[in-house]
Amino acid sequence: MEATRSASSTKPPPLLNRKIPIVTRSVKGKFRNFKTAVMVIAYAVYFLLPWLPWNRSSGASQAVLFDLESRRFFILNLVAYPQDIFWLAMVLFIAAALLFFTTGLIGRAWCGYFCFQTLWTDLFIMIEHLIQGERPARLKLMKQPWNAEKVLKVGGSHALMIIISFWTAVTFACYFAYAPEFVHNLFTGHAAEAGYITVVILTVTTYIAAGLAREQICTLACPYARFQGVMYEATTLAVAYDSKRGEGVAGRIAPVKGRRTREERQAAGHGDCIDCGFCVQVCPTGIDIREGLQYQCISCGLCIDACNNIMDSVGFPRGLIRYDSEQNIASPVPHKPRVDWKRSKVLGYAAALLVATMILFYSIGTRQGTDANVQQVRQPLFVTLSDGSVRNRYQINIVNKTEQEQRYELRVQGIPANALDIGHLQEIRVRAGKSLSINAKVSLASEMARGTKEFSFVIIPMGEEGDPIVVKAPFNSSR
Ligand code: SF4
Ligand code: SF4
């Protein structure tokens, strides 16, 4: 009797995935090549960027540096300040909109190719493959008792993972400190305590996440896996198994005698799936895509490569597992899979993405070289002087966002110029990338004070950088 299996499973998913360690088989194909290309580019950018020198007149000569000490964030020629928090908000919004947009179009492409967890796990799996061998050799090694060979191979793999985790952590810290100096200080014991703590925490978490927990992070810890479903529609592309083609009416079957050719299989009601299990063996999350779309699937496409290779070897058409939509796969005659972007949800995400990107670029492009804000001193709110005039006090904060020292002139608008008193401060000078707080007093004769509720401070850059900044301020003469 022929052994067949159905594509559907009625078993509820286990609460805890007990599949650690998943021993994956390596695979060749266009999705594997794409993943490797993304990996090489992502690692090159991540590991080399802190070492890219950059010429600037103030601040460290490092292309990308989030300098917490001076509260300046250098990104090539752009210098961002804490006051530019709006940009961070926009960047986060754009990242979220991009994630939703791509998920709406082509499923979890982020997870399968670009997510840090995927990139590092992929690298660590490659290390195991390199040191311990292909899947059968690794399975054999796993089952054999501990001996010198096992200690050497397993220990060597994990030692290399720990070294990579360590350098990942050091590189991360290099984005927050001048890289050459930080690395020197780190190894000579002179780095700041926070630097050591960061490196230790990140080394441990990288090793645990990518070296030990692996797919458990995607399936149990990542919230995105759980809510991605709301972004899917029946026309969203996702990695899918064509069960009609794979199972036929009599189910899948190995290519045994009399069931080798397509014609023989179709005559007996069997589909194209030869039940080789390669699609499961290459899966980094250990699932069987033939059981339908599952939240554990990170859309890496490796099962597509595996199945295409098998289809080639048995002479069947490719695409039994493919990127396709639920709707197309379920249709009586599926057409060629295509990206269906003409949907309100996808267009909505695209519009949000476009608008947010334009706002961000506009904001960066029109940023002034100076930022200023005014706080009224409220203790006391006002003082009545012996001649009856009323005095309010203010704290004016000027931030020089340029790369040169700037001189400023401070004036008032809406009240007489002589109402302003900034004490002995002769000249307002602010160094590049620094800020200055000025204590100002504004005194008005009693009649004018009663009629004045508001006026403006005008901060005028004396160099060529920027237009005058006008900041409104309240004036109080009664409670
Ligand atoms: S089922 Fe296929 S696409 Fe999904 S995670 Fe596994 S190998 Fe990747
Ligand atoms: S790789 Fe293809 S043929 Fe082999 S079990 Fe998976 S779906 Fe079936």
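1. Two residues are in contact if their C-beta atoms, placed from the backbone, lie within 7 Å. By that rule C303 touches V239, C279, V282, C283, I289 and I321, leaving out residues up to four places away in sequence. This is a predicted model, in which local features need pLDDT of at least 70 and side-chain atom pairs count only at pLDDT 80 or more, while totals for chains, interfaces and linings use all residues. Residues are numbered from 1 along each chain as its sequence is written, and chains are lettered from A and ligands numbered from 1 in the order in which they are written.

2. Which residues have the most contacts inside the largest nonpolar core? They are C303 and I321, in a core of 40 residues. A nonpolar core here is a set of buried Ala, Val, Leu, Ile, Met, Phe, Trp, Tyr and Cys residues joined through C-beta atoms within 7 Å. A residue is buried if 20 or more other C-beta atoms lie within 10 Å of its own, exposed if 12 or fewer, and partly exposed in between, with C-beta atoms placed from the backbone. Two or more residues of this core come from each of helix 2, helix 3 (109-114), strand 4 (237-241), helix 14 and helix 16 (344-365). Helix 14 gives the most, with six residues. Another core lies apart from it, with 18 residues, among them V390, V399, I438 and I459. Helices (H or I, at least four residues) and strands (E, at least two) are DSSP runs, numbered from the N terminus.

3. Now to the ligands. A residue is near a molecule if its C-beta atom, placed from the backbone, lies within 6 Å of it. Ligand 1 has 14 residues around it, and C283, I289, C297, C300 and C303 come nearest. By class, its shell holds eleven nonpolar, three polar and no charged residues. For these classes, Ala, Val, Leu, Ile, Met, Phe, Trp, Tyr, Cys and Pro count as nonpolar, Asp, Glu, Lys and Arg as charged, and the others, Gly among them, as polar.

4. Around ligand 2 there are 15 residues, the closest being C273, C276, F278, C279 and C307. Helix 13 (278-281) and helix 14 are the elements that give two or more residues to this shell. The largest share, three residues, comes from helix 14. Eleven residues of the shell are nonpolar, two polar and two charged.

5. Helix 14 (residues 302-314) also meets helix 1 (residues 30-48): their axes come within 7 Å and cross at roughly 145°. Axes are lines fitted to C-alpha atoms, for helices over the stretch in contact, and angles run from 0 to 180 degrees between N-to-C directions. K30, F31 and R32 in helix 1 meet L302, I304 and D305 in helix 14. This contact has three nonpolar, no polar and three charged residues.

6. Strands pair if DSSP finds at least two bridges between them. Seven bridges join strand 8 to strand 6 (residues 370-376) in the antiparallel sense, with V374 opposite I396. Strand 7 (residues 383-384) is also antiparallel to strand 8, over two bridges, and V383 stands opposite R391. Strands 7 and 8 form a hairpin with five residues between them, where G388 in the turn has a positive phi of about 90°. Ten bridges pair strand 8 with strand 12 (residues 435-444), again antiparallel, and I398 stands opposite L436.
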